[in-house]
Amino acid sequence: MREPDVLILGGGPAGLTAAIYAARAKLAVTLLETVTAGGQLRDTVAIENYPGFQSVTGEELAGRMAEQAKRLGAEIIGFSPVLSVSLAAGVKTVQTKKASYRPKAVIIATGAVPKKLPIPNEAKFAGRGIHYCATCDGALYENSVVGVVGGGNSALEEALFLTNFASKVIMIRRRGYFNGAASTFEAVMNHPKIEVLFHRDLLDVSGGDSVESALVVDTRTGEKTGIALSAVFGYIGTEPKTALFRRDIALDEQGYILTDETLRTNVPGVFAAGDVRVKAVRQITTAVADGTVAALNAEKYIKQGQNMAGA
Amino acid sequence: MEINIYTTPDCSMCKAAKAFLAAHNLPFTEHDVSASRQAAAEMLAKTRERKLPVIDIGGELVIGFDQDRLEELLGL
């Protein structure tokens with residue numbers, strides 16, 4: 001049984017920042033990461049809105065954060081998915097395949113994953129023309145026509161990234177506008193390889209072994225059209241990784257963790273930071289801010305407990 | 001046991017898979033499917049899926065970074 005002061009679940013920017021602050025507070029910190037440090041950052045090729053960097057890859061930014069946390073004494077354990085947790089009782093326990101943890105405080109920073117496209121043939125063509133990671137799978141569609149579904153920054157950025165391989169990128173957008181940064185939107189609208197279909201929603205995909213066409217509907221007229229393409233990349237938002245916490249931690253209807261201003265959850269000593277919690281803006285900068293707040297309040301919680309024990 | 005891994009340079013899960021193999025001191029041969037058409041064709045012949053990484057462990061295929069399956073096949 002390992003007993004760190006603070007156990008951080010998740011190694012994205014929120015978790016890594018929490019590790020930096022908790023380590024600087026001289027707390028014993030362990031961070032468990034499912035794969036390797038970075039979270040959703042790992043799939044971001046160019047970050048141009050993180051202060052201090054004109055442009056930086058997600059891998060480099062995550063690597064620097066992880067290195068800083070380690071140098072300050074935080075223990076980062078990769079390839080350690082959490083199997084089960086018990087957080088509601090006074091003693092908190094977290095179980096991985098290789099170890100059990102009984103920390104004084106827990107910071108949940110497990111983040112979010114891309115939402116699956118809500119179309120009938122999603123499962124049939126997953127990995128065969130239905131994709132969620134352009135940096136992972138985009139290169140396999142060289143000289144092909146691919147679609148991108150979504151209306152935020154991710155959809156715009158990934159569409160631009162896919163132009164490196166695809167002969168044509170068709171953006172399928174339900175509404176008549178995008179929510180992303182104006183500069184990215186402009187780059188998309190001016191790109192010779194990108195065609196934007198406003199007011200179109202993806203109904204389904206079809207094909208043999210892999211996707212060969214998409215069926216879209218005009219959201220204003222209801223008119224349906226088929227488009228020949230080899231793949232559709234979905235960026236229709238994210239869903240939180242909170243399945244393990246459902247029993248102990250209060251979540252909203254979408255499964256995001258409810259916190260107060262100090263990032264406390266409904267359970268004393270359990271905090272949530274980053275994309276996993278209910279919040280209005282999900283950016284790297286806001287994840288970093290969350291990590292800070294959660295770690296400082298975890299420190300306060302632990303010290304209060306010690307004072308009470310000493311009194 | 002021969003391990004072949006099909007990757008692209010920007011693919012995070014490919015990096016994770018390589019880091020995982022390296023952490024267990026397992027030698028592997030990497031094939032960049034974005035740089036070599038032959039490698040891409042070879043991969044697609046083995047699996048009809050276009051999801052990376054593809055890890056070929058002595059003929060058994062793991063598509064995507066699936067730690068449980070890798071541990072099972074590699075006896076870790």
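Predicted model: local features only at pLDDT ≥ 70, side-chain atom pairs only at ≥ 80, totals over all residues.
Two strands count as paired if DSSP finds at least two bridges between them, and the strands themselves are DSSP runs (E, at least two residues, with helices being H or I, at least four), numbered from the N terminus. Residues are numbered from 1 along each chain as its sequence is written, with chains lettered from A and ligands numbered from 1 in the order in which they are written.

Four bridges join β4(A) to the antiparallel strand β5 (residues 93-96) of chain A. Together with β6, these make an open, antiparallel sheet of three strands in the order β4-β5-β6 (chain A). β4 (82-86) and β6 (100-101) of chain A sit at the edges with a single partner strand each, so one side of each has no neighbour in the sheet.

Now for the nonpolar cores: sets of buried Ala, Val, Leu, Ile, Met, Phe, Trp, Tyr and Cys residues joined through C-beta atoms within 7 Å. Buried means that 20 or more other C-beta atoms lie within 10 Å of the residue's own (12 or fewer is exposed, in between is partly exposed), with C-beta atoms placed from the backbone. The largest core has 57 residues, and those touching the most other members include Val148(A) and Phe233(A). Helix α5 (residues 153-162) of chain A gives the most to this core, namely six residues. A second, separate core holds 53 residues, among them Leu27(A) and Val293(A).
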